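Colleague: I am new to reading protein models. Could you walk me through a few features, one at a time?

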Amino acid sequence: MKEIKLYKSPLSAFYLFLGGFIFVLGGIFMAWFALIFCGLWALVSLIILFDKTPQIIINQKGIWYKKAVWKKRNYEDIIEWETIKNIHWSSVNNQKFICLNTTSSKPKKQNSIQKNLGKLNRAMGFEETNIPLSMIKIDANKLVDFLGSMVVSNDSQREYLIQNFIIPLPSSFFSKLKSKFKL
């Protein structure tokens with residue numbers, strides 16, 4: 001009896017092996033990427049959680065803000081009240097920023113990327129100096145009003161304003177809920 005025998009193609013098996021191997025390598029890469037990315041995220045979150053340094057300091061001379069988690073306070077980075085022309089707040093995705101339009105006495109050295117990002121900032125309604133309020137629980141409107149009054153005041157008035165400033169907290173979800181249901 002004559003038979004016809006058909007065998008598996010070694011090339012097809014190799015392609016199958018190669019496809020599976022590529023997916024395994026991709027999975028390993030994604031797992032390492034996720035582990036490193038999420039691990040760094042968790043580490044930075046812990047640093048932020050236990051960081052007890054002030055994020056914004058307002059005094060008679062001006063305003064200072066912490067630019068990054070890893071940066072130490074540099075007293076030369078203070079934005080003096082005399083250099084501030086305009087103050088407003090803006091937000092993107094519920095992240096609020098205090099925007100300061102300043103006159104700088106010393107020009108900043110910027111590369112082309114920084115210049116283009118500055119243009120993009122201004123196109124979005126921001127300024128060159130933007131202080132993030134995302135980690136600070138404060139009413140942005142009242143803070144802008146306070147900072148505006150600091151700009152137009154003299155030193156003795158600024159001292160009085162600082163001594164009598166009460167941190168205005170924004171209304172929380174629970175306070176809105178309480179007022180709605182009269183709890």
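We start with charged pairs and then turn to the sheet.

Modeller: One thing to know at the start: this is a predicted model.

Colleague: How many salt bridges does a search of the whole structure find?

Modeller: The general idea is that side chains of opposite charge can pair when their charged atoms come close. Here the search finds 4 salt bridges.

Colleague: Which residue forms a salt bridge with Asp77?

Modeller: Lys67 does, and the closest N and O atoms are 3.8 Å apart. Both residues lie in the loop between β2 (62–65) and β3 (79–80), 10 residues apart.

Colleague: How accessible are the two partners?

Modeller: Asp77 has 33% relative accessibility, so it counts as partly exposed. Lys67 is also partly exposed, at 46%.

Colleague: Which side chain meets Glu82 in a salt bridge?

Modeller: That of Arg158, at 3.4 Å from N to O. Arg158 sits in helix α4 (residues 155–163), while Glu82 is in the loop between β3 and β4 (84–92). The pair therefore ties together parts that are 76 residues apart in sequence.

Colleague: Is Arg158 buried or exposed?

Modeller: Buried means under 20% relative accessible area. Arg158 has 3%, so it is buried. Glu82 counts as exposed, at 55%.

Colleague: What links Glu82, Asp155 and Arg158?

Modeller: A network of salt bridges.

Colleague: Now the sheet. In what order do its strands come?

Modeller: In general, strands of a sheet pair through backbone hydrogen bonds, either parallel or antiparallel. Here 3 strands form an open sheet in the order β4-β5-β6, and the pairing is antiparallel. The edge strands are β4 and β6 (129–132), each pairing on one side only. Neighbouring strands are turned by 25° against each other on average, direction ignored.

Colleague: How many bridges join β4 to β5?

Modeller: There are 8 bridges between β4 and β5 (residues 95–102). In one of these strands, β5, Phe97 is the bridge partner of Ser90.

Colleague: Which helix packs on the sheet?

Modeller: Helix α3 (residues 140–152), which touches β4 and β5. The direction of α3 makes about 170° with that of β4.

Methods. Residues are numbered from 1 along each chain as its sequence is written. This is a predicted model: local features need pLDDT of at least 70, side-chain atom pairs count only at pLDDT 80 or more; totals for chains, interfaces and linings use all residues. Side-chain values use heavy atoms; hydrogens and water are left out. Helices (H or I, at least four residues) and strands (E, at least two) are DSSP runs, numbered from the N terminus. Buried means under 20% relative accessible area, exposed over 50%, partly exposed in between (1.4 Å probe, protein chains only). Two strands pair if DSSP finds at least two bridges between them. Axes are lines fitted to C-alpha atoms, for helices over the stretch in contact, and angles run from 0 to 180 degrees between N-to-C directions. Contact means heavy atoms within 4.5 Å.
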